[in-house]
Amino acid sequence: MSNRTEHIIDEYRSKVIEGKTINLVPFTPADSNKVVEIRNRDKNKYFLHQTCDLTVEDQNRWYESYLGRKDDIYWCIYNKSDVFIGTIRIYDIDEASDICDQGSFMIAEEHSKGGPYALEAEVLTLDFIFDVLQIHGVINEDRADNKVMNNLSKKLGFEFKKKTTIRDVEYNYYLLTSEAYKLRREKFVELIDYFGEDRL
């Protein structure tokens with residue numbers, strides 16, 4: 001990985017990305033309690049294929065290993081009232097292959113209808129991948145029975161490539177290129193502006 005990309009990752013691990021309805025706040029152990037609480041909800045455990053409850057200690061140990069990697073950024077999603085509502089992550093950032101993965105995406109159910117939070121979280125991370133990191137492709141692996149995530153991926157322009165199996169569970173493997181995303185981006189920005197918190 002180039003010095004440029006490592007510098008960007010270091011910078012954005014301590015830099016808030018501000019949107020219209022949400023902010024992406026880099027994860028630190030100060031958020032471990034909130035992350036563990038949302039990840040341990042039955043529905044999220046199911047779709048993340050998480051087989052047991054996590055503890056704050058587990059999350060903090062993960063953070064220590066995360067600090068040693070330079071191909072990974074994990075954000076907490078906060079609404080504009082500074083309420084934690086979820087998480088999103090990009091990882092396996094690979095300059096040589098010009099690709100990365102997106103995952104760990106959750107919006108708390110009680111907040112999911114409060115604004116275009118899921119859509120804006122996607123737009124902010126995709127803008128970061130394509131415009132800041134200048135990576136050309138993004139992989140999403142959505143659990144095959146997660147209708148919400150599969151629909152969102154398709155609307156964003158992710159192209160279905162194949163079925164894949166991860167720990168005996170079927171996933172849909174999608175790829176989004178920067179060109180395909182940029183053809184749709186303006187429509188998403190207009191939706192975020194229209195349904196932004198100032199209209200709620």
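Okay, let's start at Arg-69, which touches Arg-13, Trp-62 and Arg-89, leaving out residues up to four places away in sequence; contact here means heavy atoms within 4.5 Å. Before I go on, this is a predicted model, where local features need pLDDT of at least 70, side-chain atom pairs count only at pLDDT 80 or more, and totals for chains, interfaces and linings use all residues. Numbering runs from 1 along each chain as its sequence is written, and side-chain values use heavy atoms, with hydrogens and water left out.

So, Arg-69 sits in the loop between H4 and E3. Helices (H or I, at least four residues) and strands (E, at least two) are DSSP runs, numbered from the N terminus. Is Arg-69 buried or partly exposed? Partly exposed, at 25% relative accessibility. The cut-offs are under 20% relative accessible area for buried, over 50% for exposed, and partly exposed in between, with a 1.4 Å probe and protein chains only. From Arg-69 to Lys-187 you go 118 residues in sequence and 35 Å in space, C-alpha to C-alpha.

Gln-59 is in helix H4, residues 56–67, and counts as buried because its relative accessibility is 5%. Beyond four places in sequence, Gln-59 touches Phe-27, Ser-32, Val-35, Val-36, Arg-39, Leu-54 and Tyr-74. Ser-104, in strand E5 (residues 99–107), is buried too, at 16%. The contacts of Ser-104, again leaving aside neighbours within four places, include Arg-39, Tyr-74 and Arg-89.

Now helix H1, residues 3–12. Which residues are buried there? Thr-5, Ile-8, Ile-9 and Tyr-12. You know the background: an α-helix has 3.6 residues a turn, so residues three or four places apart point the same way. On the other side of H1, Asn-3 and His-7 are exposed. The cover over the buried residues of H1 includes strands E1 (17–18), E2 (22–26), E3 (72–79) and E4 (84–94), along with H5.

H5 brings me to the core. The largest nonpolar core has 49 residues, and Ile-77, Leu-126 and Phe-128 have the most contacts inside it. By nonpolar core I mean buried Ala, Val, Leu, Ile, Met, Phe, Trp, Tyr and Cys residues joined through side-chain atoms within 4.5 Å. Helix H5 (residues 117–133) gives the largest share of this core, 10 residues.

Last stop, Phe-195, in the segment after helix H7 (178–194). Phe-195 is partly exposed, at 42%.
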